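I opened this entry to keep track of what I looked up, one topic at a time.

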Amino acid sequence: MVRSKASITVVFLAAFGLVGCGLGSDDGEDRPVEVSGEVDGTVTLQTWALKPNFTDYVEEVIAGFEAEHPGVTVQWLDQPGEGYSEKVLSQAASGDLPDVVNLPPDFALPLARQGILLDVESADEALHDEYVAGGISAYEFAGVDGVFGYPWYLNTDVNYWNGELLDEHGLDSDHPPATVEELMDQARIMSEESGGDMYLISRKPELGDLVKAGIPVLSDDGSEFVFNTAEAAALLDEYREAFDEGLMPRDVLTDAYLGNSQLFIEEKVAWSTGGGNFINGVRESNPSLAEKIVPSMAFGTPPLYVQGLSVARDTSNPAAAVALARWITNADNQAEFARIVPGIFPSTTASADDPFFTESDGTGDDDAKVIAFDSLAQAELLQPVEVDEAMSTIVNQQISLAISGDVTSQEALDTAVSRLNAMLDTP
Amino acid sequence: MVLLANRDRRRAPHGGGTRTGTASRSIRQQRWFAPLLLVAPAVVWLVVFNIWPSINTVVLAFTNAKPLGGGSFVGTANFERMLDDDQLVYALINSIVYMLVCLPLLTVLPLLLALLVEKRLPGITFFRTAFYTPVIASAVVVALIWNWLLDDRGAINAIAQSLGFLSGPLPFLTDRWLLLFSAISLTIWKGLGYYMIIYLSALGNVSRELHEAAAVDGAGVVRRFLSVTVPGVRNTMLLIMVLIMVSALRVFSELFILTNGTGGPGGRVMSVVMLIQMYSRGFTGNLGYASALSILLFVITVGPMVVLARMNRRS
């Protein structure tokens, strides 16, 4: 009996000891990192879902880097699209983050706050000259000084309309809606003309739609959410009326974005949004639809989507890691990438006048590309990077309640803001 | 054996005794660590994957830990937060309704199904397989099938409207209670085959002679079911009830699948496990609050199990 009690005690003590391992500290956060010096040795690169479609391109870029710096070896690791955030989280928690890693800004924020990423601004004097301001600011975060990633490729949203459906239901495909108000009016016409069988709208608003409408989401100092304004409530009211009138399918309440694009591909709705390469994707599923699509600029402020390359602060080879991140994101390599993947755009200032992005050959695909490129000049990160997955879920749930009429728009916004502020307060 | 060994030792105190003595000593010398060696893998597994995570959860519930952050002691703040969390109230109601509906249906229906497919009829294997198929169907396939069925433009609404039973679509996937009961139907559809197999094995142990004797005494089908079959599978039934209770209180997949992970309009069709998942995910997940919710779930799951165990002991 005594022995068994002793054994249990040992097990519990060991377990508590192991538990303690999870509650670590952030030692060494302010230690300067030396990035100058010879570029040699081994450096690891992690990308996100680029194999197998872009294997040749990445291998070519790596070969170019190794030729430029003899003596350096790049070990490339590509992670699958699903579960990437969990993968990066486990790598960061266990101290195994690759030297150079593809991180969108919302992934980079918590890592930067934990001192896991290198401030590339302090390591690179030419940063602000070579990359567009919007791309750089995406990697600047409230509460931490510095820039925590080289902006890589950019994207934005474009409105896509099924021209044939618009014309069939009393609308003009040459003049699709340019504002949310016009969208509601034309959705009403389409519903009347089709006897309620055809929808123009098949999505409910999200946090980003509030920003598009000029409503601030987060206070300037990032300390509290402030989007529970009368303007925001009025915007939700418009959608609520549209929902009430049957201008959108009921299942928008369960918030399936894929539902929206899928319905568009199946020609059951006449409007969708997507990146500059959306028509190309549609062509694979519904070739006849691709030719009917009319692109136009997104409503209000276009969203900015950024992918970037961050450098691990604890890299054993900082000189090679910074050089590799710069190499992959330089103007030539980005321009080459954007030619392979229509719809993405370089984040380098040198690419601004490239006629490939500014001139259209008159096809829908090329029109969309030019519209998207033009939109980037006004595009902004619509959702603050502070908004994590749980926060997005809560906002979407409250917007659903407002749209369905279960609570007033103001009540829904107040609840969302109160819950999000409580989560923001949690250290 | 011990006496023999002692005798052998007396006979050859300095080793080099008989072969019997050497062998028994060798066995006895190995004995003290052999059992430990045999149970070691199981103990290690238990400590690493059960005991440690459980203790870790309790510790984390009193901290504000994040996946990347250190986390400091916050006392009972996470438990106090539960009192103000109206989403938790919805989740608890959903989980309890789930359990209350699933428990009787999944206890009785699989038994009736097992009685039907127990008969040795031509082609009965086909039916057994068909009833079991939902159990092995992948979550993605199940999600597609049920979304096609229950969508506003899905098969059920389309058929009901074309037959004139409905003037407009029933909001199976967007109304709180319809969504909850749709998820319960999905659970029952998936669970029938699983519990049917368990009942089938239990029915094999119910004596045929008892049925025959009861029939000779004039008992009808219902009487024999209540007085012979049910007592015969009583222990299995209790086991199944416990399994259903635990899995109903911990429901996740069905609600997640049918709501696209949103928890339905307003998040009012979330279960406690969905809440835990929502709060713990991502780089900034609140592990402290998620752990406190896990402890609450553990407590409310253990409660009904204890009640059932006591009922079993008393009867």
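I began with the domains of chain B, whose bounds come from an automatic or database domain assignment: domain 1 covers 2-60 and domain 2 covers 77-314. Taken over C-alpha atoms, the centres of domain 1 and domain 2 of chain B are 45 Å apart.

I noted that this is a predicted model, in which local features need pLDDT of at least 70 and side-chain atom pairs count only at pLDDT 80 or more, while totals for chains, interfaces and linings use all residues. Residues are numbered from 1 along each chain as its sequence is written, and chains are lettered from A and ligands numbered from 1 in the order in which they are written.

Helix 3, residues 34-60, spans 37 Å from its first C-alpha to its last, close to the 39 Å expected for its 27 residues, where the expected span is 1.5 Å times one less than the number of residues. I found a bend of about 45 degrees at B:Ala40, with B:Pro41 following within four residues; the bend is the angle between axes fitted to the seven residues ending there and the seven starting there.

For burial I used counts of other C-beta atoms, placed from the backbone, within 10 Å of a residue's own: 20 or more is buried, 12 or fewer exposed, and in between partly exposed. In helix 3 of chain B, B:Asn56, B:Val59 and B:Leu60 are buried. B:Tyr194, in helix 9 (residues 176-203) of chain B, is partly exposed because it has 18 C-beta neighbours inside 10 Å.

I then turned to chain A, where an open sheet of 6 strands runs in the order 2-1-3-8-4-9 with mixed pairing (two strands pair if DSSP finds at least two bridges between them). Strand 2 (72-79) and strand 9 (345-346) of chain A are at the edges with a single partner strand each, so one side of each has no neighbour in the sheet. Strand 4 (residues 150-155) and strand 8 (residues 305-311) of chain A run antiparallel and are joined by 4 bridges, and A:Pro151 stands opposite A:Gly308 of strand 8.

Last, I checked two loops of chain A. A:Glu267, in the loop between helix 12 (257-265) and strand 6 (271-274), has a positive phi near 60 degrees although it is a residue other than glycine.
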